[in-house]
Amino acid sequence: MRPDVAAIKRGCSKSEIRSFRHLCGAELDHFRKIAATDGALTVACTQQAAQFADEAGERPDPISFVNIRETAGWSSDGARAGAKMAALLASASVPAPDYPLVTLSSEGVVLIYGRDEAAIEAGRLLADHLDVTVMLKQLDEVMPPTATVFPMVKGTIRSAKGHFGAFELAIDDYARPRPSSRDRFVLDAPRSGVTSRCDIVIDLSGGMPLFPAHELRDGYLRADPNDPTAVLRAVLSARDLVGSFDKPKYVDFTPSLCAHSRSKRTGCHRCLDLCPTGAITPSGDHVAIDPNICAGCGQCAAACPTGAASYALPPADTQLHQIRAMLLTYHEAGGTNAVLLLHDSPHGTPLIDALARHGDGLPANVLPFAVNELTQLGLEAIVGAFAYGVSAVRFLLRAKPRHDVTGLLQTIGMAEAILGGLGFAGRRLATIETDDPDALSEHLAGIGTLAGIATPATFKTVGKRRDLLRFGLSELHRLAPQQVDVIALPPGAPIGAITVDTGGCTLCLSCVSACPTGALRDDPERPVLKFVEDACVQCGLCQSTCPEKVISLKPQIDFRAARASAVIIKEEEPALCVRCGTAFGVKSTIDRIAAKLEGRHWMYPAGDKRIAALRMCADCRVILMSEQQFDPFKGVPERTPPRTTDDYLRQREGKDNNG
C-alpha cells in the first residue's frame, strides 16, 4: 500500500509523522531511535507489534499499535484512504485507563454430565489432569470398569447456579453404584435434592443448557455428545482450567444512584430485563451485579438511566473521546461522508481482514471502530458520533449473536427517533448481521451518499453516560438540519416527562419522596408539586408509588428542558390550623376528610366541637384532646365478638343433643 502521508499530516497536524518502507527490517534502527525518545508513540503496524514492543524495552511512555493496512490501505479505495488512516491513528492515540480485575480460582474439580459413553471417555482423557466425576442420566446399560479411576454416579441436574470455581448443582435421582456390580451397575436407592459443588462443568447431556447465555459462562463447557470434535475441544479447554485467572470487572456499580425500587415499590428494571447471564439480581432498593458471573455485554450500563452501572472497558467518556478523535481528524484530513462501522474484535476484525485480503476491502469513507462488545454502546455514543459529523453508523453483528441484543436494538430505535425528528433523512442507523465478508462488502457499498453535519461539533466532556448524552443532544440539536423542540421517544427511553391527572392528585407527595433524582419536588412552605424534566430518568417509581394512580410516563426529548426551571404541576391553598394558624396540609383534602367524617362517624357527631380537631395541626390537636379529656374508647359501638372454635363446638354439640 502507499499511504497518503500528506493527508495523514493534515489530520494529525499536532503530531510528528514519519513514514518508512521497511520499519521492522532494514529500517529498524529508525524505530529504536524514536522509541528511545520521550512522549507517546503510535506505530501503524499490528502484525509486528510484538517485535516493536520487544525492541522498545521498558519505555516510560506507552506505545499504541493501530492497523491501517487491512482497515484502509488494502482496499480498492486504498489510494484515497489517507483521511481514514489519519483518523485511525488519532483514535488509537487516545489512552484508555486501566480497568479493575476479578480473580477466579479453580482446583480442577470437574463434573462431566452426560448420557452415554462419550462422557465416560471424556473422563478418561481428563483423569490424569483433573479431579473428575462422571454423572450419567442412566447407568443401567453401562458396564462397570475393572478398576475405579474416577467416580461414576447416576443423577439428573435440576438446576445450576454459580460461576467458574464455585458451581453449585441441585441433583435429583442421585444414586451411587455398588462396588459389587458385575455385568452392569447396581445402584443404591436414589435420592433427590442432592447438592454438588465443583469448579468446572462439562455438559455432554445433549439437553437444554444449564445456564442462560451459556457460551458466556466461564467454566461451563457444553458440547454435542454426537460430535467427537466438539467434545474433544471441551476436554482440551477444561484441562487448562486449574489455578487462578483474572477477568475484567466489566461494570462499576454505585448502589446509591440506582433507581430500582423504593419502599418495596419497583421502579426501573431495565438492567434486570436485559442481562443475559443472570448476573444482576434485586437487592433491596437497588440491584446487585455479581462480577464473577458478568460476561461484559454492557447492556446494563448502556440502559442504566442514572449512571449507577457504568462500563469500564473502556469508560463511556473515554470511548466517546476516541470516536471524537477519529471523526474530527477525518474531517481535518479532508474526509467526507464518514460511515462509522462499529464491531467487536473476535468477530468483526477477522471479517474485515478477510475482506481486505480476498476482496475489495473497506471503502475509504468507512471507519472501523472496535469495541469489547457492541451491546455496551449507549445512546450517548451514537448521538455524539453524529454531532461530530458522521453521516451513518453501522453495527456489525454475528449472524447468530452469542447473546440477546435487545438492549442494542432499543438504543438504535431511540437514536432513530431522535435523528428522524431532527431532520436526518435516509437510513442513518442499521445492523449488519453476517459472518460473510462479501455480504459485509455488499451492504457497505449500498449505503450511498448521506451528508453529515458540515461543521462538526468539537465538544469534549467527561463523566457518566447521562452527562455525555445531555451535552451531546444539545450540540446535535444546535447543528441539526431541523430545529424542533420536542421529539417523542419509544417506551423505555431514559429521557422524558410525566403527565399527572391533577383532578385526582391529592398532593400527598408520595411521588416526591420516591423520586431518586429530584425530578419531582415539593415546597416546604406550601402544598405544591413541581417537576424538573431534565432530571427525570423515566424510572417509573413515581408511577408505581402514587396511591391515586394518576401519574404516567411520557418518554420524549424536550431540548428546552436543560434551561427550564421547575414546572408547577399542581398547587393548592394550604390548610391553616384553626387554633394557631400554622400551615399543616392541603385545604381541599382536610375539607374533604371533615365532610366525610362529620355526622357519619361515632367520634365526630354532627355539630360536635370535636370536629375542629381535624382542622388543627398535630400539636394543637393533642392540646385539644387533653383539654377535653378525650377518651378514645368512650362511646365505641359494641361489636359482636368474633366466633371461636369453642363456639362452633358448642353449637355442634347442641345440634347433636337435639337431633
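## Ground rules

Contact here means heavy atoms within 4.5 Å. Helices (H or I, at least four residues) and strands (E, at least two) are DSSP runs, numbered from the N terminus. Angles run from 0 to 180 degrees between N-to-C directions, with axes fitted as lines to C-alpha atoms, for helices over the stretch in contact.

This is a predicted model, so local features need pLDDT of at least 70 and side-chain atom pairs count only at pLDDT 80 or more, while totals for chains, interfaces and linings use all residues. Residues are numbered from 1 along each chain as its sequence is written, and side-chain values use heavy atoms, leaving out hydrogens and water.

Strands pair when DSSP finds at least two bridges between them. Four strands make an open sheet in the order β19-β18-β20-β21, and the pairing is parallel. At the edges sit β19 (366-371) and β21 (429-433), each pairing on one side only. Neighbouring strands are turned against each other by 25 degrees on average, ignoring direction.

Look at β18 (residues 339-344) and β20 (residues 392-397): four bridges join these parallel strands. Leu342 stands opposite Phe395 in β20.

## Helices across it

Helix α11 (residues 345-358) lies across β18, β19 and β20, at about 125 degrees to β18. Helix α10 (residues 316-332) lies across β18 and β19, running at about 165 degrees to β19.

## Thr306

Thr306 sits in the loop between α9 (299-303) and β17 (309-311). Among the residues Thr306 touches are Leu257, Thr517 and Val537, with residues up to four places away in sequence not counted.
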